[in-house]
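Subject: Handover of a structure and findings

Dear colleague,

Please find the structure below, together with its sequence. A summary of the findings follows it.

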Amino acid sequence: MLVKTLPEYSGNINTGNIKETVQVYRDNYGIPYVYTQNEHDMYFALGYLHAQERLFQMDLARRAGDGRLSEVLGKKTIPFDKLFRTIGLNKLVRENYKKYDEKTKLILTAYADGVNEFINTLSNKFTIEFDILGYQPYKWEPEHSLLIAKLMAWELNISWWTDIAFTHLIQKLGMDKVKDVLPEFDENGPTIIPDNINSYANLPMELIKVDREFRKFIGAVGTHIGSNNWVINGNHSTSGKPIIANDPHLSFTAPGKWYFAVLRSSGFAGEGFTLPGVPGIVIGKNKNVSWVLTNVMADDADFYVEKLDSSKTHYLLDNKWLSLNVFTDTISVKDSGDVVFTIKTNHRGPIISGIHNYNKLYPNEQQNKADVSMRWTALSYTNEMLAFYKINHAKNWKEFNDGVSYFVSPGQNFVYADDKGNIGYVAGVRLPIRKNNSPSFVFDGTKSESDWKGFVTFKENPRLFNPTQGFIASANNKTLKNYKYHISNIWEPTSRIKRITELLESKEVHSVDDFEKYQNDFYSHYAKRIVPYILDAFNNYDINNENLKTALQILEQWDYVFDASSQVPAIYSVFYNYLLKNIFEDEMGENLFHEYIFVANVPYRVVPKLLRENKSAWFDNVTTEEIEDRDFIIRKSLIDAIKYLEENYNKKIDYWQWGKLHKVLFKHFFHGASELLDKLFDIGPFKIGGDGTTVFNTEYSLNKPYLNKLGPSMRYIYDFDNPDIINMILPTGQAGNFFSDHYDDMTQMWLDGKYLKININSEYIKNSDYELMELIPTK
């Protein structure tokens, strides 16, 4: 029975929704090569292929954005539906769609027709997830693709977590104490803490809690939500032409985020990574240009503490009471009654403090909390579909910039190369202009001076074109020194970009083979900064434990490579986790400590500063009579780590290999439902090297170490001197059906640092033994 649900890769399919015959060749890894005579049919075919391979993944994502999960999943998803209905993604995308140009509407409609062709004619091919949950997918509408794009923007929008966490810290511990543990924001001057921050009512944690639960629910975990990309010009490549590379770091799931496709129509030839549910190529190339992305880490969302009247229908602004927009909405719930609730918005956006009132899920929450509104750049008119259409069709730097100018959210670093030998970079983002140029806290909503003053124009966005150094690289690091506008306070630590730059400067010219090695590099400059403090702390210290003595010896000899078979990364990583706990938890308390370290790049940036300055009161444990210093805390943390490894792994240090602690597991949506389903649907676990500071990013949660949650969601390398070959790999495979050979047929290659070499030459494809499916128009 399960075999029957596998998609057809060959044969003829008749449809009334295309103009000309469409040919789809598929290679041995399920990669499609699509040949059409017009753009309408190309986008139709892509919609059909996405539905063939990833319909459940697509349906789940659109339901989440539409606030319709509870219709099929029941009460447990009511908070998630309430979250996204309150934020208003469903209404927003429908309003945006009405304003779109005819070209964008045509693309979205053709794509939707392709998805619906599969839904309406091949229900026997729906994957087993639909049977297990007992429902059928509903009609795909053009707006659903916009919902999925907005949901991706939400996943990559994490800057606001720190706004609330830092505000809580100030309220609990005071300004002087907390200044020490805020990341350094030297790019925009000093951190400015609002004078009246302590007068705010208790800030509600419901948004963060529901959002975290939602991310866990759909598998969008991890906070090093970034990427690596780089490009070199022909002077620095062995081929004499630009070489470009990308590996976006996203949460690991089964199936994965991307679907690779080769698309052809009259006047268009493009190849690259598509997002199931969305028409077009997100990362890839066409005949003339190639583009790759990393997250800008833009601070594009703010919170405001509002003052409401007793009726909760008006809010105070500049000593005037203004009316809130108040309306009700209804969530349909499987096997239960409908949930009717009230949504309120003001001129900034939704009032998000009331999204959760289910005390059974989050007991013991304090009452009388602040009413908080949210403003986010994505909750305005945007047209990323038009942006990518123009990018997909760009022939040169000017046309490429025109496309990127329409891109708003999630803010991305677009790195570029073309067949004329040019390389470039431009930030595709809409940056708010604020009165305070280094915002990291919740704002006072009763004053209009807290509002955004407008947006940075696209012309003022950071950009580079043919820099003299001959290469461009980004790894979610600080975008530009001395930039007059605020971009972010949650830059990634410099470890990855420093290593990438070091590799690109290590020799005069580089090859595709070199780039493959660079993308799989496990060296950590961050660990190199931390280890000397450990060794110094134990100078002249009497050591009685043999494992501790050995640990110090091998730390001293360590090359800072996080090899899965080595014991040193395990000792270092467990030490680092105890170091965080021993520095911060006694004063923050358990809950605030977990909030503080949740966005991993915050402690990653703060800890080196504390160790270097060696004067912080945070080293003292306030629960003891003694006054502990830096070296005491370092020694305690390593001793704690040795004890942990002895008790949880083995008394002998020989058995403490990093790969035994640090594993990667590609979890299916059904993960945890039963052991049987886990065995069927999950991929892994596998031992893996690296950590969140290595170029090959294998982040684990600092709150729940050491399972690898996030990393390269694909790898892509393209050399303009070899235009018919694309080097790529996915961590799982093309298929979403666990019974397919293509569900996990790339996993071992991804783990081993190997790549597929995709030949996109049409003559080669049409003369191959690839399976051929034809979509034939019914006259």
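A residue is called buried when its relative accessible area is under 20%, exposed when it is over 50%, and partly exposed in between (1.4 Å probe, protein chains only). This is a predicted model, in which local features need pLDDT of at least 70 and side-chain atom pairs count only at pLDDT 80 or more, while totals for chains, interfaces and linings use all residues. Residues are numbered from 1 along each chain as its sequence is written, and side-chain values use heavy atoms, with hydrogens and water left out.

Lys82 counts as buried because its relative accessibility is 6%. This residue belongs to helix α3 (residues 78–87); helices (H or I, at least four residues) and strands (E, at least two) are DSSP runs, numbered from the N terminus. Between Lys82 and Pro350 the C-alpha to C-alpha distance is 12 Å, although 268 residues separate them in sequence.

The next topic is the nonpolar cores. Such a core is a set of buried Ala, Val, Leu, Ile, Met, Phe, Trp, Tyr and Cys residues joined through side-chain atoms within 4.5 Å. The largest one has 218 residues, and Trp258, Phe400, Tyr572, Phe584 and Tyr596 have the most contacts inside it. Helix α1 (residues 39–66) supplies the largest share of this core, 14 residues. A second, separate core has 17 residues, including Ile243, Phe471, Ala473 and Val512. Beyond its neighbours within four places in sequence, Trp258 is in contact (heavy atoms within 4.5 Å) with residues including Arg54, Met152, Phe273, Ile283 and Leu730.

Strands β7 (residues 268–274) and β8 (residues 283–286) pair in the antiparallel sense over four bridges; two strands pair if DSSP finds at least two bridges between them. Eleven strands form this open, mixed sheet, in the order β1-β30-β2-β3-β6-β7-β8-β9-β16-β17-β21. Its edge strands, β1 (11–15) and β21 (463–465), each pair on one side only.

Finally, helix α16 (residues 546–557) packs against helix α20 (residues 630–648) at about 110 degrees, with the axes 10 Å apart. Axes are lines fitted to C-alpha atoms, for helices over the stretch in contact, and angles run from 0 to 180 degrees between N-to-C directions. The angle therefore makes α16 roughly perpendicular to α20, a term for 65 to 115 degrees. Where the two helices meet, α16 contributes Asn547, Leu548, Ala551, Leu552 and Leu555, and α20 contributes Leu638, Ile639, Ile642 and Glu646.

With kind regards

Methods
Angles under 35 degrees count as roughly parallel, over 145 as roughly antiparallel, 65 to 115 as roughly perpendicular and the rest as oblique.
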